[in-house]
Amino acid sequence: MADIKGYNMPDDLYYHKDHSWARVDGSKVTVGMNDFFQKEAGDIVFIDLPEEEDEVSQGEVCGKIQSRKWIGKLVAPVSGEIVEVNEELEEDTSLINTDPYGKGWILVIEAEDLESELGNLMQGEALVEFIEAEVRRAEEERAKAEEK
């Protein structure tokens, strides 16, 4: 379990630049939103889930997540067919905040080209640099908002 600037980012996951994570189990990939996203978003109040059997491409927006602050996008970290969605989130969206890597998972994709697409996702030192840059960007945005 890695702690990057106060954000919990498990070492065994892959991360997309739009803050979705991917847990690989054979050809199946479980997807959720990372700790940075859920902390910056605040309380998640609504999620627009995709349908099972939908085909998605890596980097494609496949759902929306709304917090009290803003609406974020759910981006597929890998290409393939959505084989399962977490219907519990329709009843309790707070699972994304309280357990983003466990009960707050969002969907499962049967990956088409996992081997080549994993290379487009982040782990290790690349993830540390990305989160540090995202923290700076968020701090700058908050400073600009306070100036207004």
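**Entry 1. Salt bridges**

I counted a salt bridge where a side-chain nitrogen of Lys or Arg lies within 4 Å of a carboxyl oxygen of Asp or Glu. The model is predicted, and I considered side-chain atom pairs only at pLDDT 80 or more. Searching the whole structure, I found seven salt bridges.

I looked up aspartate 43 and arginine 68 and found their side chains joined in a salt bridge, at 3.7 Å from N to O. Aspartate 43 belongs to the loop between helix 1 and strand 6, and arginine 68 to the loop between strand 8 and strand 9, so this pair ties together parts that are 25 residues apart in sequence. Aspartate 43 is partly exposed because its relative accessibility is 46%. Arginine 68, at 67%, is exposed.

I then looked up aspartate 35, which forms a salt bridge with lysine 39; their closest N and O atoms are 3.1 Å apart. The two residues are four apart in helix 1, so about one helical turn separates them. Lysine 39 is partly exposed, at 42%.

**Entry 2. Helix 5**

I examined helix 5, residues 124-147, next. This helix has 24 residues and spans 35 Å from its first C-alpha to its last, close to the 34 Å expected at 1.5 Å a residue.

Which residues of helix 5 are buried? I listed Leu127, Phe130, Ile131, Glu134, Val135 and Ala138. The buried residues of helix 5 pack against strand 1 (2-4), strand 2 (7-9), strand 3 (14-15) and helix 1.

Helix 5 also holds arginine 137 and glutamate 141, four residues apart, about one turn of the helix. Their side chains meet in a salt bridge at 2.8 Å, N to O. I recorded arginine 137 as partly exposed, with a relative accessible area of 33%. Glutamate 141 is likewise partly exposed, at 46% relative accessibility. Through salt bridges that share partners, Glu134, Arg137 and Glu141 are joined into one network. I noted that Glu134 is among the buried residues of the helix.

I traced an open sheet of three strands, in the order 6-8-9 and with antiparallel pairing. Strand 6 and strand 9 are at its edges, each with a single partner strand, so one side of each has no neighbour in the sheet. On average, neighbouring strands of this sheet are turned by 25° against each other, direction ignored.

I then went through the pairings. Strand 6 and strand 8 run antiparallel and are joined by four bridges. Aspartate 48 has lysine 64 of strand 8 as its bridge partner, and isoleucine 47 has isoleucine 65 of strand 8. Strand 8 and strand 9 (residues 71-75) also run antiparallel, with five bridges between them. Lysine 64 stands opposite lysine 73 in strand 9. How many residues lie between strand 8 and strand 9 in their hairpin? I found three.

I found an open sheet formed by six strands in the order 3-4-5-11-10-7, with antiparallel pairing. Strand 3 and strand 7 (55-56) are its edge strands, and each pairs on one side only. Strand 3 runs antiparallel to strand 4 (residues 20-25), and two bridges join them. Tyrosine 14 has alanine 22 of strand 4 as its bridge partner.

**Entry 3. Nonpolar cores**

I looked up the largest nonpolar core, which has 27 residues; Ile65, Leu74, Ile106, Leu107 and Ile109 touch the most other members. The elements that contribute two or more residues to this core are strand 5 (28-33), helix 1 (35-41), strand 6 (44-48), strand 8 (61-67), strand 10 (80-85), helix 3 (95-98) and strand 11 (107-111). A second, separate core has 16 residues, including Ile4, Tyr15, Trp105 and Met122.

I finally asked which residues leucine 107 is in contact with, leaving aside its neighbours within four places in sequence. I listed Val29, Thr30, Val31, Pro50, Cys62, Leu74, Ile82, Glu84 and Val85. Isoleucine 65, one of the core residues with the most member contacts, is the bridge partner of isoleucine 47.

Technical notes
Residues numbered from 1 in each chain as written. Predicted model: local features only at pLDDT ≥ 70, side-chain atom pairs only at ≥ 80, totals over all residues. Heavy atoms only, no water. Core = buried A, V, L, I, M, F, W, Y, C linked by side-chain atoms within 4.5 Å. Buried < 20%, exposed > 50% of the residue type's maximum accessible area, 1.4 Å probe, protein only. Contact = heavy atoms within 4.5 Å. Expected span 1.5 Å × (residues − 1). Pairing = 2+ DSSP bridges. Axes fitted to C-alpha atoms, helices over the stretch in contact; angles between N-to-C directions.
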